[in-house]
Amino acid sequence: MTIIKNKYRTHSCAELNEQAVGETVTLSGWIHKMRDHGGLIFVDLRDYYGITQVVFDASVSDDLKKIEENRVESVITIEGEVVARTEETINPDLSTGKIEVAAKSFKVLSNADVLPILVASDEKFGEDLRLKYRYIDLRREKLKKNIQMRMDVFKEIRSIMNGKGFNEIQTPVLTASSPEGARDFLVPSRVHHGKFYALPQSPQIFKELSMVAGFDRYFQLAPCFRDEDLRSDRLLEFYQLDMEMSFVEREDVMETMQDNMMKVFNKFKGDKIIDENIPHITYQEAMETYGIDRPDLRNPLVIKEVGEVFAGSDFGLFASLVAKGNSVKAVRTPGTAGQPRSWYDKLNDWARSEGAGGLGYIVFNEDGTTKGPIAKNLDEARINQIREICGVENGDSVFFCCDKLEEAQKFAGKVRTKLGTDLELINKNEFKFCWVIDFPFFEKHEETGELAMGHNPFSQPRGGMEALNNAENPFDILSEQYDFICNGYELGGGSIRHETLDTLVKCFDMVGYGEEVVKEKFGSMYDAYHYGVPPHGGIAMGMERIIMLLCDEPNLREVVPFPANGKGQDTMMGSPSEVSEQQLREAHIKVRPTIK
């Protein structure tokens with residue numbers, strides 16, 4: 001990058017090389033490190049672009065010796081001559097490592113106090129301290145690289161989308177409250193007494209209305225806000241690559257976004273491997289085989305149904321539960337028969353800590369014999385059935401859990417993840433992707449057990465109105481929804497939208513809400529469907545999750561320049577904060593005391 005040349009610098013701190021030897025240059029930046037070698041003071045001068053070593057020779061002038069009076073991270077400007085380093089002092093880790101600058105003069109632009117966080121150090125500091133002094137934390141090389149990755153990925157995505165003819169359309173940040181699954185952040189209106197704006201959970205309605213408006217292809221790197229409980233892979237404020245297309249089918253949207261993601265991951269993957277084979281897995285298959293609807297395909301362990309083996313068996317606990325319609329899930333772990341008894345006991349303790357009754361197992365010894373409490377209560381024919389169903393070889397173990405189908409699937413998924421992690425079966429140097437499709441359109445309400453939507457209300461049911469009218473069991477209706485998964489993370493999801501107002505109204509009617517609810521909650525969409533709507537669909541990808549994976553970070557906050565902490569507080573800015581009584585009066589708000 002070409003810098004602006006002025007009194008502060010003629011070059012960046014990453015720019016100089018052997019060709020510049022003999023030139024007089026001006027550099028500016030932060031004192032990264034300082035070393036006193038008896039009259040020669042070496043300063044690593046750092047700017048955004050890199051580091052140049054500057055030598056201050058106290059024998060030249062007393063003024064140069066004064067550099068040692070400044071603390072690291074003070075900002076200075078120096079003027080000096082570029083000289084070649086001797087062979088033995090070349091630093092191959094720096095782009096400027098073959099030269100140094102012999103200082104002739106310097107000026108202190110800004111002094112630094114004692115630092116709360118060391119910049120030129122790999123020392124780990126607490127997250128609260130790092131976030132309070134984020135502007136210092138961002139100077140550290142690892143975090144700087146993460147944010148640079150973020151900027152580069154955003155830039156690349158814009159280039160890709162523009163190259164495919166998508167229109168970048170900005171949508172409002174102040175909008176109406178909409179039921180999209182999480183709580184809205186509300187903004188009181190000063191002008192309209194008693195009314196509120198909401199920050200968008202996503203630009204969903206606006207991007208659909210862009211299709212109604214005829215723009216055909218929309219995208220946006222959109223800010224989104226959700227007032228929900230936080231965790232390492234969730235933020236109150238985040239960005240999505242939002243995309244919508246007209247006159248498309250499900251495969252068109254999926255192929256477009258898959259191509260986008262492969263371009264991004266291939267460009268920024270570093271030395272990681274990308275598996276270009278991206279399977280389409282149904283929701284049912286994902287739950288049956290992996291116990292989760294966002295499977296990590298790097299984990300080779302799979303789940304098998306073995307309830308039939310225990311039906312009528314002498315293992316009374318499972319036999320009685322199977323007789324009541326419960327399921328038994330099995331996870332085979334290769335080569336674990338040699339593990340000590342304590343290893344199995346610890347897994348049992350872990351299972352109980354997860355709310356399960358325990359974790360049954362059978363050990364298949366190298367000599368063909370079996371052991372474990374379950375094996376003692378199964379005849380040879382049933383044990384051979386388990387061998388066949390699970391693909392067991394001598395030296396393996398098989399773990400079992402029994403419960404109602406959904407609970408058994410989910411816990412078996414946890415067992416699969418736990419074993420795959422503990423046994424180090426997951427290749428951390430690989431990206432494996434998949435699509436999960438054919439989600440159930442409806443689900444049972446957790447409290448009432450009645451029909452409820454299992455998706456956002458904008459997804460179309462597969463088969464449209466015919467499916468809604470003619471399905472014998474509404475729980476068999478599938479959704480035109482699709483999720484894109486990488487290494488066990490849901491990077492994004494989308495759907496083909498309702499083609500007609502009739503299907504939208506019918507879906508709400510089936511879960512107990514009349515047409516008036518659609519008018520009230522989604523008035524703009526309800527009206528728009530009266531004026532010609534093209535078939536359309538789209539998807540939204542979580543930018544922070546993408547960048548988190550590319551940076552190999554476990555926490556989204558490590559790829560955001562100025563994030564809130566795990567409690568949703570910005571300790572650097574002091575947010576959220578109290579406001580003055582005058583501000584509350586202007587917004588027509590009275591703060592009520594917390595009721596304990």
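This is a predicted model: local features need pLDDT of at least 70, side-chain atom pairs count only at pLDDT 80 or more; totals for chains, interfaces and linings use all residues.
Let's start with the rings. A pair of aromatic rings is described by the distance of the centres and the angle of the planes. With ring centres required to lie within 6.5 Å, the count comes to 24 aromatic pairs. Take Phe 56 and Phe 106. Their centres are 5.6 Å apart, and the planes make 85°. That is edge-to-face, because the angle is over 60 degrees. This pair links distant parts of the chain. Phe 56 belongs to strand E3, residues 51-57. Phe 106 belongs to strand E5, residues 99-110. Is Phe 56 buried or exposed? Buried: its relative accessible area is 1%.

Next pair: Trp 343 and Tyr 344. Here the centres are 5.0 Å apart and the planes stand at 80°, again edge-to-face. Trp 343 has a relative accessible area of 15%. Tyr 344 has 3%. Both count as buried, because the cut-off is under 20%.

Some rings gather in a group. Phe 265, Phe 431, Phe 433, Trp 435, Tyr 482 and Phe 484 form one aromatic cluster.

Now charges over rings. Lys 132 lies over the face of Tyr 133, 5.8 Å from the ring centre. Lys 144 puts its charged end over the ring of Tyr 48, at 5.2 Å from the centre.

On to the sheet. What is the strand order in this open sheet of 5 strands? Reading across, we get E13-E14-E17-E15-E16, with antiparallel pairing. Strand E13, 303-305, and strand E16, 370-371, stand at the edges. Each has a single partner strand, so one side of each is left without a neighbour in the sheet. Strand E15, residues 360-364, is joined to E16 by 2 bridges, and these strands run antiparallel. Phe 364 stands opposite Thr 370 in E16.

What packs on this sheet? Helix H11, residues 380-390. H11 touches E13, E14, E15, E16 and E17. The direction of H11 makes about 90° with that of E15.

Last item: two helices. H7 covers residues 283-290, and H12 covers residues 405-422. Their axes come within 7 Å and cross at roughly 60°. H7 and H12 are therefore oblique to each other. Which residues make the contact? From H7, they are Met 287, Glu 288, Thr 289 and Tyr 290. From H12, they are Leu 405, Gln 409, Lys 410, Gly 413 and Arg 416.

Terms used:
Residues are numbered from 1 along each chain as its sequence is written. Side-chain values use heavy atoms; hydrogens and water are left out. Rings of Phe, Tyr and Trp (its six-membered ring) pair if their centres lie within 6.5 Å; planes under 30 degrees apart count as stacked, over 60 as edge-to-face and the rest as tilted. Helices (H or I, at least four residues) and strands (E, at least two) are DSSP runs, numbered from the N terminus. Buried means under 20% relative accessible area, exposed over 50%, partly exposed in between (1.4 Å probe, protein chains only). A charge sits over a ring if NZ of Lys or CZ of Arg is within 6 Å of the ring centre and within 35 degrees of the ring normal. Two strands pair if DSSP finds at least two bridges between them. Contact means heavy atoms within 4.5 Å. Axes are lines fitted to C-alpha atoms, for helices over the stretch in contact, and angles run from 0 to 180 degrees between N-to-C directions. Angles under 35 degrees count as roughly parallel, over 145 as roughly antiparallel, 65 to 115 as roughly perpendicular and the rest as oblique.
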